[in-house]
Amino acid sequence: MDERQVAAYLDRIGVRRPERADAAALRELQRAHLAAVPFENLSVVLGEPIVLEPDALWAKIVERRRGGFCYELNGAFAALLEALGFRVELLSARVFGKEGRVGPPFDHMALRVELDGPWLADVGFGRLSHDPLRLDRTGPQADPAGEFTLAGHGDGGLDVVMNGDPQYRLDLRPYALADFSPTCWWQATSPDSYFTRSTTCSRLAPEGRITLAGTRLIRTGPDGSRREEQLSEAQALAAYREHFGIALEELPVVSAPPQPVRR
């Protein structure tokens, strides 16, 4: 990422270039990213290509002022951090689903940032910690989003637990961006993927979190309180512009799944 791209990225998330690559700067950058760049899967529903290359991710998030899902958001954030002097590794994670079942490798991308010790940074999971977490701390870590613990697992990985609920299992080995491409393609195309079955657009807000799920506008407070409003199509398009800075010509609509063949 060149200096022009770095300056434009920092402007996109509304922060000045940090004087040094330290924990305070990482915290400011992560919070600003979560507030400015939405977690969204609109490209999946609209049939837009998802290209896991640094320049393509920068163009989508900065020039087109869009968001994305984990591979895009954390992939772009990693490139920004590296350009600012941070040491960053891409980590694979397996997301916990219903009944505690864990998903496949590369189900999620997170970041390891080496500072005074190893830190976990993540701007691509939707609702998670506002601040980076220490990877080398086993005790509870307080965060505006709740209490987090990182528990060791038998395979050498770490389970990231939020308020007592496991979120994902980290593989602590570093990977390249290209290693995530096959699972990214599956997430964007498979009828079994969460991202092909619904639309979501969500970001951190001063009053908690704001989410547009289909035509439902959901406001979640810091205390867990929830307010939901059903919007018309025109109102939903306006909400994309007002709350997420995304201008769409038409409302993204999930296609109906194929019907089984009757014999």
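This is a predicted model: local features need pLDDT of at least 70, side-chain atom pairs count only at pLDDT 80 or more; totals for chains, interfaces and linings use all residues.
Residues are numbered from 1 along each chain as its sequence is written, and side-chain values use heavy atoms, with hydrogens and water left out.

**Stop 1: the whole chain.** Zoom out and colour by secondary structure. The protein chain has seven helices and 13 strands; helices (H or I, at least four residues) and strands (E, at least two) are DSSP runs, numbered from the N terminus. The radius of gyration of the chain is 18 Å, close to the 18 Å that the globule rule gives for 263 residues, so the chain is as compact as a globular protein of that length. (That radius is taken over C-alpha atoms, and the globule rule is 2.2 Å times the number of residues to the power 0.38.) Along the principal axes, the C-alpha atoms fill a box of roughly 55 × 45 × 40 Å.

**Stop 2: the five-stranded sheet.** Go back to where you began. Five strands make an open sheet here, ordered E1-E10-E11-E12-E13 with antiparallel pairing. Strand E1 (39-40) and strand E13 (226-230) sit at the edges with a single partner strand each, so one side of each has no neighbour in the sheet. Two strands count as paired if DSSP finds at least two bridges between them.

Now pick out individual pairs:

- E12 and E13 are antiparallel over five bridges. Select Arg216 and you'll find Gln230 as its bridge partner in E13.
- The hairpin of E12 and E13 has five residues between the strands, and Gly224 there takes a positive phi near 90°.
- E11 and E12 also pair in the antiparallel sense over five bridges, with Arg209 opposite Thr220 in E12.
- Two residues separate the strands in the E11 and E12 hairpin, where Gly214 has a positive phi near 65°.

**Stop 3: the eight-stranded sheet.** Which order do the strands of the eight-stranded open sheet follow? Trace E5-E4-E3-E2-E9-E8-E7-E6, with antiparallel pairing. Its edge strands are E5 (133-134) and E6 (141-143), each pairing on one side only.

Start from the E6 end. E6 and E7 run antiparallel, joined by three bridges, and they form a hairpin with two residues between them. Select Asp143 and look across to Gly146 in E7. Next along, E7 (residues 146-152) and E8 (residues 158-162) pair in the antiparallel sense over five bridges, and Gly152 stands opposite Leu158 in E8. Their hairpin has five residues between the strands, with Gly156 at a positive phi near 90°.

Stop 4: Show H2 (residues 23-36), which lies across E3 (108-114) and E4 (118-121) and runs at about 10° to E4. Axes are lines fitted to C-alpha atoms, for helices over the stretch in contact, and angles run from 0 to 180 degrees between N-to-C directions; contact means heavy atoms within 4.5 Å.

**Stop 5: the largest pocket.** Its volume is about 1,000 Å³. On a 1 Å grid over the protein atoms alone, a pocket is an open set of points with protein on both sides within 12 Å along at least five of seven lines, a cavity is a set where a 1.4 Å probe fits but cannot get out, and lining residues have an atom within 4 Å of a point. Grid points are joined across faces, edges and corners, and a volume is the space filled by probe spheres set on the points.

Of the 37 residues lining the pocket, select the closest to its centre: Phe39, Val95, Phe125, Tyr194 and Phe195. The elements giving two or more residues to this lining are H5, helix H6 (181-189), E11 (208-213) and E12 (216-220). By class, the pocket lining has 14 nonpolar, 14 polar and nine charged residues. (Ala, Val, Leu, Ile, Met, Phe, Trp, Tyr, Cys and Pro count as nonpolar, Asp, Glu, Lys and Arg as charged, and the others, Gly among them, as polar.)

**Stop 6: the cavity.** There is one cavity of 30 Å³ or more, and the largest cavity holds about 50 Å³ of space. Select its lining, which includes Leu34, Phe39, Phe125 and Arg209.
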